Amino acid sequence: MSVPLTQHLVSLSTPRPYCAATEHAFLTAAGTGALPLQLLSLYLSQDRIYAAHAYPRFLGQLLARVPFSSLDAPDSPEERFRNEIVGALADALQNVRREVAMFAEVERTYGLDFAQWRERKATRDYTAEMARVGALGTFEEGLVFLWAMERVYLDAWSYVKSLLHNATTGTGPALPAIKQLVENWTSPEFGKFVHALSDIVDRLAIVPGSPTYLRAEEIWARVVELEEAFWPEGGEV
């Protein structure tokens, strides 16, 4: 029996190591209470662009390509699976709308000013790749891309959570906001969502060694690269 695709992808040695995306210096500073508030503001301003603009468009592209067929009976396995996919995409849209509202709340609560920041090249690169995969990739490739983004985010913020016990109470003005973000991206609900996406991807009947399988490996490596670059560096503020 072959290894599930998502398990295989996570096990790969990618050109940029996985820890470069999930244990970035930005995340270490966030977890230890050393992250400057301005750097958090820059990051959230970019994540808002991703979440409010690029992510919903990407989901729309996927929803438009769900391969329904009138030849499938309403209670057929194929119909049930495709409806499951629609449900997961609908959950993704609800999640991201909630996150955009959370960004606005964090901006207001902590006196941040997202408008002061211009879009970073890393943000443009990420959203452009989403648009490209959504428009030119196969439906299966789009689902792999979606799962990969969410899996990296879950692992990255789980890393931050693992460091919070080392953060001195009250250390750093960004720490209360960081704890709010950690609560969102490491919640049981978010973990279940990522697991549901993983289960869907593993059931796409992508055959090991096939062109789609090899493309999935490329997508995973590219997402790791994009996620690493998405975390801003201290010298940017």
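Student: What is the handedness of the crossing of α4 and α8, and how close do the two axes come?
Tutor: In this predicted model, the crossing of α4 and α8 is left-handed; the axes of α4, which spans residues 37–63, and α8 come within 12 Å and cross at roughly 35°.

Student: Which residues of α4 and α8 meet there, and what makes the contact nonpolar, polar or charged by class?
Tutor: From α4 come Leu40, Tyr43, Leu44 and Asp47, and they meet Ala177, Ile178, Leu181 and Trp185 of α8. By class, that contact of α4 with α8 holds seven nonpolar residues, no polar ones and one charged residue. Asp counts as charged, and Asp47 is among the α4 residues in the contact.

Student: Why are α7 and α8 called oblique to each other?
Tutor: Helix α7 (residues 139–163) and helix α8 (residues 175–185) pack at an angle of about 135°, their axes being 9 Å apart. Angles over 145 degrees would count as roughly antiparallel and those from 65 to 115 as roughly perpendicular, and α7 and α8 are therefore oblique to each other. The crossing of α7 and α8 is left-handed. On the α7 side the contact is made by Tyr153, Leu154, Trp157, Val160 and Lys161, and on the α8 side by Ile178, Leu181, Val182 and Trp185. Sorted by class, the contact of α7 with α8 has eight nonpolar residues, no polar ones and one charged residue.

Student: How does α7 pass α10, and which residues make the contact?
Tutor: The crossing of α7 with α10 is right-handed, and the axes of α7 and helix α10 (residues 211–230) come within 9 Å, crossing at roughly 35°. Among the residues in the contact are Val144, Phe145, Trp147, Arg151 and Tyr153 of α7, together with Arg215, Ile219, Trp220, Glu227 and Phe230 of α10. The contact of α7 with α10 divides into 13 nonpolar, one polar and five charged residues.

Student: What makes a space count as a cavity, and how many of 30 Å³ or more are there?
Tutor: A cavity is a set of points where a 1.4 Å probe fits but cannot get out, and the count comes to one cavity of 30 Å³ or more. The largest cavity holds about 120 Å³ of space. It is lined by 13 residues, with Tyr50, Tyr55, Glu99, Glu150 and Tyr153 closest to its centre. Each of α4, α5 (77–109), α7 and α9 (188–202) supplies at least two residues of the lining of the largest cavity, and α4 gives the most, with four residues. By class, this lining divides into nine nonpolar, one polar and three charged residues.

Student: What is the volume of the largest pocket, and which residues lie nearest its centre?
Tutor: A pocket, unlike a cavity, is an open set of points, and the largest pocket has a volume of about 170 Å³. Twelve is written as a count of 12 lining residues, of which Ser2, Val3, Pro4, Leu5 and Asp202 lie nearest the centre of the largest pocket. The lining of the largest pocket has 10 nonpolar residues, one polar and one charged.

Methods. Residues are numbered from 1 along each chain as its sequence is written. This is a predicted model: local features need pLDDT of at least 70, side-chain atom pairs count only at pLDDT 80 or more; totals for chains, interfaces and linings use all residues. Side-chain values use heavy atoms; hydrogens and water are left out. Axes are lines fitted to C-alpha atoms, for helices over the stretch in contact, and angles run from 0 to 180 degrees between N-to-C directions. Angles under 35 degrees count as roughly parallel, over 145 as roughly antiparallel, 65 to 115 as roughly perpendicular and the rest as oblique. A crossing is left-handed if the near helix is turned anticlockwise from the far one by less than a right angle, and right-handed if clockwise. Contact means heavy atoms within 4.5 Å. On a 1 Å grid over the protein atoms alone, a cavity is a set of points where a 1.4 Å probe fits but cannot get out, and a pocket is an open set with protein on both sides within 12 Å along at least five of seven lines; lining residues have an atom within 4 Å of a point. Grid points are joined across faces, edges and corners, and a volume is the space filled by probe spheres set on the points.
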